Structures are given as C-alpha cells and as structure tokens.
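Take a short walk through this model.

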Amino acid sequence: MIGSYIDDHRIGLVVMGTHGRTGTERYLLGSVTEAVLRKVTVPVCCVPMSEL
C-alpha cells in the first residue's frame, strides 16, 4: 500500500521513524519499515523515534 502511494504520487524520498533499539535489536527494523526498505525503488531515510 505504501509502495503504491509512492508510485502514484511520484514521491522521491521516504522518511520513516524507527524504534531506535540498541544492541542487536537495532539491526531489526519494524516490519513496516523493513518492508518499505525492501520493496520501494526510492531512497528511504530511517530516523530513530527518539530524535523525532
């Protein structure tokens, strides 16, 4: 659904928040963020939620 929106509206950059976990958990992004990173063709900027 997010990928379709990106395509339909000619989005050039996606900015998404992450949970900002530490240790080994920091390498595991949330399922929505991970899916977007894997499926879209535009750049994705992931920002830890603590910085939002």
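**Helix α2 and the cysteines**

Begin at Leu-37, which sits in helix α2, a run spanning residues 31-39. This is a predicted model. Is Leu-37 buried, exposed or partly exposed? Its relative accessibility is 35%, so Leu-37 counts as partly exposed. Now look across to Val-14. Leu-37 and Val-14 are 23 residues apart along the chain. Their C-alpha atoms are separated by 9.4 Å.

Stay in helix α2 and move to Thr-33, which also belongs to it. Thr-33 has a relative accessibility of 6%. Buried means under 20%, so Thr-33 counts as buried. Which residues does Thr-33 touch, once neighbours within four places in sequence are set aside? The contacts are Met-16, Gly-17, Thr-18 and Cys-46.

Take Cys-45. The closest cysteine sulfur to its own is the one in Cys-46, 6.8 Å away. A disulfide needs the two sulfur atoms within 2.5 Å. The sulfurs of Cys-45 and Cys-46 are therefore too far from each other for a bond. From the side of Cys-46, the nearest cysteine sulfur is that of Cys-45, and Cys-46 is in no disulfide.

Cys-45 is at 35% relative accessibility, so it counts as partly exposed. Cys-46 has a relative accessible area of 31% and is partly exposed. Cys-46 is also one of the contacts of Thr-33, and Thr-33 itself is buried.

Methods:
Residues are numbered from 1 along each chain as its sequence is written. This is a predicted model: local features need pLDDT of at least 70, side-chain atom pairs count only at pLDDT 80 or more; totals for chains, interfaces and linings use all residues. Side-chain values use heavy atoms; hydrogens and water are left out. Helices (H or I, at least four residues) and strands (E, at least two) are DSSP runs, numbered from the N terminus. Buried means under 20% relative accessible area, exposed over 50%, partly exposed in between (1.4 Å probe, protein chains only). Contact means heavy atoms within 4.5 Å.
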